[in-house]
Amino acid sequence: MKRKSWLWLLILASIVLVIKRDPQIIPRVETEIRQATIRVQPYVYSLGDSINRKINGTTKTANDKQVGKVATPVESPLKNVTTSNTYYFHFKKDVPQSVRDVFTNAVNAYNDTGIVRLIPGTAQPNQNGITFFVYHKKIQNIASNTVELGNGGPSALTINHYAINSAQAGLNITYPNLSVKNSVALHELGHALGLAHSSYTNSVMYPVDQGVSTLSTADLNGLRNIYK
Ligand SMILES: [Zn+2]
């Protein structure tokens, strides 16, 4: 008996020793969890009429299941979890003023819903945060008839069904005339807040830009489903 308890003590001591010697071990695990649940999807602009192929990489037909009639769907990292409705947002240094302006309009639109609260500032590790960024990406395949306008999404660290969302939303400024728009900013911020794609063209979450710059009733219902 005594021998066994000594053994346990030894195991415990070596665990403590490992953590003490390498305090990075805990943040490293955290990073892995965060990366595992990250979800970003490109938002596109149609150069032709064969755009529907682009939706989730599948062929869209009349038989495809429509999603989002009553409530815009929720991205998987924020499904069936509780999270705070308060976010701290900031812009990366290289974000031009024109992009800051459209994202600020989007922030105001989401704040006006009363469902979420987006505050300028940097999130603490236990708070929800959004980083706005810009990037450059050229059309890779001209035959696809699409231009990527932006991407964004939540990245949730979940502990006991409580999620801390370190989200991001960005615009592709290789095509500023197409991407630096309120509709695109609303869409990418929608992803960051946990909204997924909708099949309905009046939703800001329709995967192809329709110039929609007002949140639909279904979009509001989707947000309420996340921040209940
Ligand atoms: Zn999207």
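Predicted model: local features only at pLDDT ≥ 70, side-chain atom pairs only at ≥ 80, totals over all residues.

Colleague: Fine. How many helices and strands does the protein chain have?

Modeller: The protein chain has six helices and eight strands, these being DSSP runs numbered from the N terminus (helices H or I, at least four residues; strands E, at least two). In sequence order the pattern reads α-α-β-β-β-α-β-β-β-β-β-α-α-α.

Colleague: And what share of the protein chain is buried?

Modeller: Of its 228 residues, 40% count as buried. Buried stands for under 20% relative accessible area and exposed for over 50%, with partly exposed in between (1.4 Å probe, protein chains only).

Colleague: What about contacts between residues 24 or more positions apart?

Modeller: Such pairs make up 76% of the contacts in the protein chain with a separation of 6 or more.

Colleague: Let us turn to the metal. Which residues are the protein donors of the zinc ion?

Modeller: His187, His191 and His197 are the protein donors, each through NE2, at 2.0 to 2.1 Å from the zinc ion. A donor is an N, O or S atom within 2.8 Å of the metal (3.2 Å for Na, K and Ca); water is not among the atoms, so sites may look incomplete.

Colleague: What spacing do those donors follow along the chain?

Modeller: They follow H-x3-H-x5-H. His191 and His197 are both buried, and His187 is among the buried residues of α5.

Colleague: How many residues of α5 are buried?

Modeller: Helix α5 is mostly covered, with 10 of its 11 residues buried. Besides His187 and His191, the buried residues include Val184, Leu186, Glu188 and Leu189. Gly194 follows α5 with a positive phi near 110°.

Colleague: Where does Ser198 sit?

Modeller: Ser198 belongs to the loop between α5 (182–192) and α6 (217–226). With a relative accessible area of 3%, Ser198 is buried.

Colleague: What is Ser198 in contact with, leaving aside neighbours within four places in sequence?

Modeller: Its contacts are Val67, Gly68, Thr72, Pro73, Ser203, Met205, Tyr206 and Pro207.

Colleague: Is Lys65 buried or exposed?

Modeller: Lys65 counts as exposed because its relative accessibility is 73%. Lys65 lies in the loop between β1 (41–46) and β2 (82–83). Its C-alpha atom is separated by 8.6 Å from that of Ser199, although the two residues are 134 residues apart along the chain.

Colleague: Now the helix packing. Which residues of α3 are buried?

Modeller: Val99, Val102, Phe103, Ala106, Val107 and Tyr110 are the buried residues of α3. They lie on the same side of α3 because they cover an arc of only 145° around the axis, where the arc is that of the directions from the helix axis to the C-beta atoms.

Colleague: What is on the other side of α3, and what covers the buried residues?

Modeller: Gln97 and Asp112 are exposed on the other side of α3. The cover over its buried residues includes β3 (86–91), β4 (117–120), β5 (128–135), β8 (162–172), α5 and α6. Just after α3, Gly114 has a positive phi of about 75°.

Colleague: Which residues of α6 are buried?

Modeller: In α6 the buried residues are Ala218, Asp219, Gly222, Leu223 and Ile226. Down the axis of α6 they fall within an arc of 145°, so they line one face of the helix. Their cover includes β2 and α3.

Colleague: A last topic: how many aromatic pairs does the structure hold?

Modeller: The structure holds six aromatic pairs. The ring centres of Tyr87 and Tyr227 are 6.2 Å apart and the planes stand at 80°, so this pair is edge-to-face. Tyr87 is in strand β3 and Tyr227 in the segment after α6, 140 residues apart, and the pair thus links distant parts of the chain. Rings of Phe, Tyr and Trp (its six-membered ring) pair if their centres lie within 6.5 Å; planes under 30 degrees apart count as stacked, over 60 as edge-to-face and the rest as tilted.

Colleague: And are those two tyrosines buried or exposed?

Modeller: Tyr87 counts as buried because its relative accessibility is 0%, and Tyr227 counts as buried at 9%. Elsewhere, Phe89, Phe91, Phe103 and Phe132 form one aromatic cluster, and Phe103 is also one of the buried residues of α3.

Technical notes:
Residues numbered from 1 in each chain as written. Heavy atoms only, no water. Contact = heavy atoms within 4.5 Å.
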